[in-house]
Amino acid sequence: MEIRNKLWEEIKSADINVRAILWYNNRHRTYNRLYDTFIAVVASAGALLYPIESKLPLISSIVIAMTSLVKAIFPQFIQSEKELTDLDRISDYYESYKNDLESLFYKFDKKEIDE
């Protein structure tokens, strides 16, 4: 019974790790998409609204420069795609680890293997 409980705890922790990594990656990829969209919208607005107000391109350039500076100062808010891909690989590892543990758990539960 002790082995069964240990396997179950490992399966639960691997599942929690996978879910946490996926949640983190989804959140940061959303931030990356919002950042890219914001930059594109501000740049387009500055360029297209030039006939209405001649200072808008300057203002949009300043806004883009400030957001790029904030991104450089606080890189944890907008993570690179490489870091998120590395986390995806870690998630894949935990997923395969969880599947292996589930297979062991099933075999142990059906008495195909023993301690």
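At what angle do helix 1 (residues 2-48) and helix 2 (residues 56-73) pack, and how far apart are their axes? In this predicted model, local features need pLDDT of at least 70 and side-chain atom pairs count only at pLDDT 80 or more, while totals for chains, interfaces and linings use all residues. Residues are numbered from 1 along each chain as its sequence is written, and side-chain values use heavy atoms, with hydrogens and water left out.

The packing angle of helix 1 and helix 2 is about 160 degrees, and their axes lie 8 Å apart. Helix 1 is thus roughly antiparallel to helix 2 (angles over 145 degrees count as roughly antiparallel, under 35 as roughly parallel, 65 to 115 as roughly perpendicular and the rest as oblique). Axes here are lines fitted to C-alpha atoms, for helices over the stretch in contact, with angles running from 0 to 180 degrees between N-to-C directions; helices are DSSP runs of H or I with at least four residues, numbered from the N terminus. Helix 1 passes helix 2 in a left-handed crossing, that is, the near helix is turned anticlockwise from the far one by less than a right angle. On the helix 1 side, the contact (heavy atoms within 4.5 Å) is made by Tyr35, Phe38, Ile39, Val42, Ala43 and Gly46. Helix 2 contributes Leu56, Pro57, Ser60, Val63, Ile64, Thr67, Ser68 and Lys71. By class, these residues comprise nine nonpolar, four polar and one charged (Ala, Val, Leu, Ile, Met, Phe, Trp, Tyr, Cys and Pro count as nonpolar, Asp, Glu, Lys and Arg as charged, and the others, Gly among them, as polar).

Helix 1 also meets helix 3: their axes come within 9 Å and cross at roughly 155 degrees. These two helices are therefore roughly antiparallel to each other, and their crossing is left-handed. The contact of helix 1 with helix 3 has 18 nonpolar, six polar and 10 charged residues.

Turning to helix 3 itself, the 29 residues (81-109) should span 42 Å at 1.5 Å a residue, and the end C-alpha atoms are 41 Å apart, which agrees; the expected span is 1.5 Å times one less than the number of residues. Buried residues in helix 3 are Leu84, Ser91, Lys98, Leu101, Phe105 and Phe108 (buried means under 20% relative accessible area, exposed over 50%, partly exposed in between, with a 1.4 Å probe and protein chains only). Their cover includes helix 1. Asp92 also has its place in helix 3, but counts as exposed at 52% relative accessibility. After helix 3 comes Lys111, with a positive phi near 60 degrees.
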